[in-house]
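Reader: Hi, I have a protein to look at for class. Can you walk me through it?
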Amino acid sequence: MDLTADRPRLLPTLDPSWTTPLGDQRIFNLSGRTGLVTQIYLVRHGEPDYTPVDSRGWPGMAADTAPLSPAGAKQAEAVADLLSGIGATYLVSSPFTRALQSAAIIGHRLALGVRVDYDLRDWLPDSTGSWRGTADVRAARAEFDEYGGEWPEGVARPWEPRSRVRERARAALARHTASTDGPVLVITHALVIEALTGVPSTPHGTHEYYRYDPADDA
């Protein structure tokens, strides 16, 4: 379930001597891969519409069946158009509906097939799957933030720690970068993007640039 608000995000340029207009990212060459380093564009899905879930009173992980809102579908179209010039060769998505629908829109516009990896799923606020709605997710996220995203020493909590999110997400990237030179589009969720990049609250339908180097896992 998504809890963040939108903010603007600009596409990094492909010239190796330039930085983005924000000055905070750099592309190092024109190909998808430098040695074993692969260019990854981490795209947050479009805005979801939880009305079909909430109106039925469905709890917990049923929220992950929610489709995009009309605005969310337009956000997916817009980010596809924004990323159309990067020469992406591969697209992989979280299995959750809001991400899959975004990936279908993006893949259609960019003529890319959609692969799915379960390890790109959203953060789990409660391992029992028993939360009832947004209030429970917010409470879990508040405790997550209070502890800096990691369980207190010697104490297991119901929510998924950030380190585990990062570990599974990088495992997914390892599987999918092994068969392409990239660049790779990854359609996923805000906390997955945060766990990989350190950038919090990526808005719906925007992206963060990430250089995946398998040596970082050695």
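Reader: Let's start with tryptophan 123. Buried or exposed?
Author: Tryptophan 123 is buried. Its relative accessible area is 9%. Keep in mind that this is a predicted model.

Reader: OK. Which ring does tryptophan 123 form an aromatic pair with?
Author: Its partner is phenylalanine 144. The pair is edge-to-face, 5.2 Å centre to centre, with 65° between the planes.

Reader: Why give both a distance and an angle?
Author: A pair of aromatic rings is described by the distance of the centres and the angle of the planes.

Reader: And where do tryptophan 123 and phenylalanine 144 lie?
Author: Tryptophan 123 is in the loop between strand 4 (115-116) and helix 4 (134-146). Phenylalanine 144 is in helix 4, so the pair ties together parts that are 21 residues apart in sequence.

Reader: What about phenylalanine 144, buried or exposed?
Author: Buried, with a relative accessible area of 0%. Phenylalanine 144 also forms an edge-to-face pair with tryptophan 159. That one is 5.4 Å centre to centre, with 75° between the planes.

Reader: Where is tryptophan 159?
Author: Tryptophan 159 is in the loop between helix 4 and helix 5, 15 residues from phenylalanine 144. Tryptophan 159 is buried too. Ring pairs join Trp123, Phe144 and Trp159 into a cluster.

Reader: How many aromatic pairs does the structure hold?
Author: Three.

Reader: New topic. Which charged ends sit over rings?
Author: One is arginine 56, whose charged end sits over the ring of tryptophan 58, 5.4 Å from its centre. Another is arginine 115, with its charged end over the ring of tyrosine 90, 4.0 Å from the ring's centre.

Reader: Now helix 5. How many residues does it have?
Author: Helix 5 has 16 residues, 162-177. From first C-alpha to last, helix 5 reaches 22 Å, close to the 22 Å expected at 1.5 Å a residue.

Reader: Which residues of helix 5 are buried?
Author: They are Val165, Arg168, Ala169, Arg170, Ala172, Leu173, His176 and Thr177.

Reader: Why would spacing matter in a helix?
Author: An α-helix has 3.6 residues a turn, so residues three or four places apart point the same way.

Reader: Zoom out. How many helices and strands are there?
Author: Six helices and six strands. Along the sequence, the pattern is β-β-α-α-β-α-β-α-α-β-α-β.

Reader: And how much of the protein is buried?
Author: Of its 218 residues, 49% count as buried. The protein exposes about 10,000 Å². Carbon and sulfur atoms supply 54% of that area.

Technical notes:
Residues are numbered from 1 along each chain as its sequence is written. This is a predicted model: local features need pLDDT of at least 70, side-chain atom pairs count only at pLDDT 80 or more; totals for chains, interfaces and linings use all residues. Side-chain values use heavy atoms; hydrogens and water are left out. Helices (H or I, at least four residues) and strands (E, at least two) are DSSP runs, numbered from the N terminus. Buried means under 20% relative accessible area, exposed over 50%, partly exposed in between (1.4 Å probe, protein chains only). Accessible areas come from the Shrake-Rupley method with a 1.4 Å probe; for residues, only the protein chains shown count as cover. The expected span of a helix is 1.5 Å times one less than its number of residues. Rings of Phe, Tyr and Trp (its six-membered ring) pair if their centres lie within 6.5 Å; planes under 30 degrees apart count as stacked, over 60 as edge-to-face and the rest as tilted. A charge sits over a ring if NZ of Lys or CZ of Arg is within 6 Å of the ring centre and within 35 degrees of the ring normal.
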